[in-house]
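Me: I would like to learn how to read the packing features of a protein model, going through them one at a time. Could you take me from the general idea to the particular case each time?

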Amino acid sequence: LGIDLNFAKEVTKQELVGADGKVLPVDLQLFAEFVRKQSNPELRMFNRDVFQRMGGFDVLEQRYLADALERLRFLGSPQLYEAAILILLALTDQERRVKGKFVTKVALQTQLRGLTSPREVVQVLDWLSSGDVWLVTPVQQGQELGYELVHERIIPALLRLAGLD
């Protein structure tokens, strides 16, 4: 990708630095993935013009989430799409708009009983945590394996997509 280093430094300082003073690489990766996938060569640049034309990080995050989840309709079924939204919401503290606590696969299966099957929970968790999508990350706590959202920045887009915002 072409890159304007001054713009990259500026947008990182203004838009990506968290309260802890750190930048999560996933934010830059998200923008880079959108730029990389553009068919128009003029849009394959990490610069201010492309950033503005794509709508900034808020729009990019919403498009990334919507595009990623839409792939489930083609890979599987509408049920998997709905299961993915339910799982992402279950990993979110919606009231405070932050990542929820660590949740195990069994806890998710129990929480979503009647809304989606245990098999679909496993299938969707594997897909959401895959390198292609990477919306959820597996986390080991002691002897337990659980899951968390990769990043809080997707929460507003998730809530809009789920019709909760």
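This is a predicted model: local features need pLDDT of at least 70, side-chain atom pairs count only at pLDDT 80 or more; totals for chains, interfaces and linings use all residues.

Me: How are two packed helices described?

Reply: Two helices that pack together are described by the angle between their axes and by the distance between those axes. In this structure, helix H5 (residues 78-90) packs with helix H7 (residues 118-128) at an angle of about 75°, and their axes are 9 Å apart. H5 is therefore roughly perpendicular to H7, because angles of 65 to 115 degrees are counted that way.

Me: Which residues of H5 and H7 meet, and how many of them are nonpolar, polar or charged?

Reply: On the H5 side the residues are Gln 79, Leu 80, Ala 83, Ala 84, Ile 87 and Leu 88, and in H7 they meet Glu 120, Val 121, Gln 123, Val 124, Leu 125 and Leu 128. Sorted by class, this contact of H5 with H7 has 9 nonpolar, 2 polar and 1 charged residues.

Me: At what angle do H4 and H5 pack, and how far apart are their axes?

Reply: Helix H4 (residues 56-75) packs with H5 at an angle of about 140°, with the axes 6 Å apart. H4 and H5 are therefore oblique to each other, since an angle has to be over 145 degrees to count as roughly antiparallel. Leu 65, Leu 69, Glu 70, Leu 72 and Arg 73 of H4 meet Pro 78, Leu 80, Tyr 81, Ala 84, Ile 85 and Leu 88 of H5, and by class this contact has 9 nonpolar, no polar and 2 charged residues. Two of the residues named there are also described in another way, as Arg 73 lies over the face of Tyr 81, at 3.8 Å from the ring centre.

Me: How do H2 and H4 cross, and which residues make the contact?

Reply: The axes of helix H2 (residues 25-36) and H4 cross at roughly 70° and come within 10 Å, and the two helices are therefore roughly perpendicular to each other. H2 contributes Asp 27, Leu 30, Phe 31 and Phe 34, while H4 contributes Phe 57, Leu 60, Glu 61, Arg 63, Tyr 64 and Asp 67. The classes in this contact of H2 with H4 are 6 nonpolar, no polar and 4 charged residues.

Me: How many aromatic pairs does the structure hold?

Reply: There are 2 aromatic pairs, and one of them joins Phe 7 and Phe 46, which are tilted, with 5.9 Å from centre to centre and 55° between the planes. This pair links distant parts of the chain, since Phe 7 is in helix H1 (residues 5-16) and Phe 46 is in strand S2 (residues 45-46), 39 residues apart. Both Phe 7 and Phe 46 are buried, and ring pairs link Phe 7, Phe 46 and Phe 51 into a cluster.

Me: Are Thr 104 and Gly 131 buried or exposed?

Reply: Relative accessibility is the value to read here, with buried meaning under 20% and exposed meaning over 50%. Thr 104, which is found in strand S5 (residues 103-104), counts as buried because its relative accessibility is 16%. Leaving aside residues up to four places away in sequence, Thr 104 touches Glu 144, Leu 145 and Gly 146. Gly 131, by contrast, counts as exposed because its relative accessibility is 72%, and its place is in the loop between H7 and strand S6 (136-141).

Notes: Residues are numbered from 1 along each chain as its sequence is written. Side-chain values use heavy atoms; hydrogens and water are left out. Rings of Phe, Tyr and Trp (its six-membered ring) pair if their centres lie within 6.5 Å; planes under 30 degrees apart count as stacked, over 60 as edge-to-face and the rest as tilted. Helices (H or I, at least four residues) and strands (E, at least two) are DSSP runs, numbered from the N terminus. Buried means under 20% relative accessible area, exposed over 50%, partly exposed in between (1.4 Å probe, protein chains only). A charge sits over a ring if NZ of Lys or CZ of Arg is within 6 Å of the ring centre and within 35 degrees of the ring normal. Contact means heavy atoms within 4.5 Å. Axes are lines fitted to C-alpha atoms, for helices over the stretch in contact, and angles run from 0 to 180 degrees between N-to-C directions. Angles under 35 degrees count as roughly parallel, over 145 as roughly antiparallel, 65 to 115 as roughly perpendicular and the rest as oblique. Ala, Val, Leu, Ile, Met, Phe, Trp, Tyr, Cys and Pro count as nonpolar, Asp, Glu, Lys and Arg as charged, and the others, Gly among them, as polar.
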